[in-house]
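Biologist: Please put the model up. I would like to go through it one question at a time.

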Amino acid sequence: MGAGASANSVVNIPVINKKKSESIDQFLLHEKLKETKSVKLLLLGRPESGKSTLARQIRLIHDRDFMETERLAYRSVLRQNLIDILKTLLQTIDQLNIQTGAEYHNLYEELSEIPSGTGEYLVARRHTIKQFLASAAFHQCMVRRWEYNLQSSAKYLLDGVDRLLDPGYVPSTQDILRARIDNSGLHETSFKFKGLEFRMVDVGGQRSDPRKWIHYFDNVSALIYTVDISRYDQQRDDDGIIGEQNELLESLALFKKVVSHRVFSNTTSILFLNKTDLFKQKIQHVPLRCCFPEYKGTNEYKEASIFVQWKFKQSITDNKEMYSHFTTATDTSNIQTVFDSVIAIILKCSQNSAILY
């Protein structure tokens with residue numbers, strides 16, 4: 001009987017030990033991470049890449065919904081976004097020589113005179129604005145929207161103009177996710193996941209040389225870089241000044257500088273190729289070759305997006321592993337699935353490298 005028990009033990013010991021070893025490793029990993037109080041994630045990317053939207057999504061998924069006071073604060077932001085969109089459209093109509101009614105000639109000046117953050121003035125002009133949005137000039141301008149730069153949330157906000165201009169308007173969660181805010185400085189989002197405390201630091205849209213600020217972030221567990229791939233045909237726009245540099249190429253250059261910096265030599269790098277919904281629409285009208293002349297593929301979403309992904313991977317010259325995901329930051333389901341995968345990657349890389357922050 002003793003011999004039989006021994007034989008069974010010999011057969012099962014390797015399997016049991018392996019499972020125990022994996023379980024212990026996972027336990028020690030979590031305990032060591034807990035000792036450091038938090039797992040720090042660094043969120044980087046060019047302005048309008050969708051970083052702030054991503055941070056809001058993570059808060060919704062892992063922390064809490066927006067309170068009533070926060071929603072009311074976003075009302076002014078969204079109405080200001082609408083003002084900026086309308087001004088862009090009215091300016092573009094003039095530049096494209098689209099004929100419009102005389103009643104709209106002064107609308108641009110009126111909108112420009114509205115003090116920032118006081119969108120209530122917009123409500124008083126809602127009748128004229130709704131007339132403009134029903135005009136032939138507006139529709140002609142939207143048909144040609146690929147010929148000029150327009151906020152990514154423009155169609156969504158214009159479609160919801162009746163709600164936005166209602167005196168009692170309170171922004172929905174989806175409205176807040178679409179809000180555009182010019183961020184500067186650092187913004188932190190904290191949340192708990194699988195028993196661990198995560199701190200995600202959003203570095204306001206970076207235009208300056210990363211060497212000036214990057215050394216402040218030498219203790220992060222992972223670097224998440226977001227890029228708006230739909231801006232492949234747009235020129236760099238800094239503070240209203242249009243430059244000569246292509247926006248996607250600018251994002252590519254910043255990405256290369258950041259991930260290759262010695263500060264992040266042992267940091268997990270994750271790339272979010274964002275705003276795929278807009279990219280799918282635009283690629284049907286604007287060829288990718290306007291950004292990458294060497295591209296020989298079709299103007300189909302799958303082939304074109306994979307090429308953009310490859311360009312970013314090729315920019316890493318030190319054989320460092322990079323994880324990439326195609327995302328739409330305004331899609332909560334998409335972000336929840338992707339981010340759960342990202343957390344699993346971060347924990348796995350921390351365990352494999354034995355470098356814990």
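**A hairpin, a sheet and its helices**

Biologist: In the hairpin of β2 and β3, which residue takes a positive phi near 55 degrees?
Modeller: Strands here are DSSP runs of E, at least two residues long, and helices are runs of H or I, at least four long; both are numbered from the N terminus. Two residues lie between the strands of this hairpin. The one with the positive phi is Lys194.

Biologist: What kind of model is this, and how are its residues numbered?
Modeller: The model is predicted: local features need pLDDT of at least 70, side-chain atom pairs count only at pLDDT 80 or more, and totals for chains, interfaces and linings use all residues. Side-chain values use heavy atoms, without hydrogens and water, and residues are numbered along each chain as its sequence is written, from 1.

Biologist: What pLDDT does the chain average?
Modeller: pLDDT is the predictor's confidence in each residue, from 0 to 100. Of the residues, 80% score at least 70. The chain's average is 82.

Biologist: How many contacts does the stretch of residues 1–20 have beyond near neighbours in sequence?
Modeller: Its pLDDT is below 50. A contact means heavy atoms within 4.5 Å. Beyond near neighbours, the number in the model is zero.

Biologist: What share of the 357 residues is buried?
Modeller: Buried means under 20% relative accessible area, exposed over 50%, and partly exposed in between, with a 1.4 Å probe and protein chains only. By that rule, the buried share is 46%.

Biologist: In which sense do β2 and β3 pair?
Modeller: β2 covers residues 186–193 and β3 covers residues 196–203. Phe191 has Phe198 of β3 as its bridge partner. Over eight bridges, the sense is antiparallel.

Biologist: And in which sense does β1 pair with β3?
Modeller: Five bridges join β1 to β3. Lys40 has Arg199 of β3 as its bridge partner. The sense is parallel.

Biologist: Which residue of β4 is the bridge partner of Leu43?
Modeller: β1 and β4 (residues 222–228) run parallel, joined by five bridges. Leu42 has Leu223 of β4 as its partner. For Leu43, the partner is Ile224.

Biologist: How many of the residues of β1 are buried?
Modeller: In a regular strand, side chains alternate between the two faces of the sheet. In β1 (residues 39–45), Val39, Leu41, Leu43 and Gly45 point one way, while Lys40, Leu42 and Leu44 point the other. Both sets are buried, so by the under-20% rule the count is seven of seven.

Biologist: At what angle do the axes of α11 and α13 cross?
Modeller: α11 covers residues 247–259 and α13 covers residues 301–314. Leu248, Ser251, Leu252 and Phe255 of α11 meet Val308, Lys311 and Phe312 of α13. The axes come within 9 Å and cross at roughly 35 degrees.

Biologist: Is Ala137 buried or exposed?
Modeller: Ala137 sits in helix α7 (residues 136–143). Leaving aside neighbours within four places in sequence, Ala137 touches Ile93, Ile98, Gln99 and Thr100. Because its relative accessibility is 2%, Ala137 counts as buried.

Biologist: Is Thr69 buried or exposed?
Modeller: Thr69 belongs to helix α3 (residues 68–95). Its C-alpha lies 9.9 Å from that of Val170, 101 residues away in sequence. Because its relative accessibility is 59%, Thr69 counts as exposed.

Conventions. Two strands pair if DSSP finds at least two bridges between them. Axes are lines fitted to C-alpha atoms, for helices over the stretch in contact, and angles run from 0 to 180 degrees between N-to-C directions.
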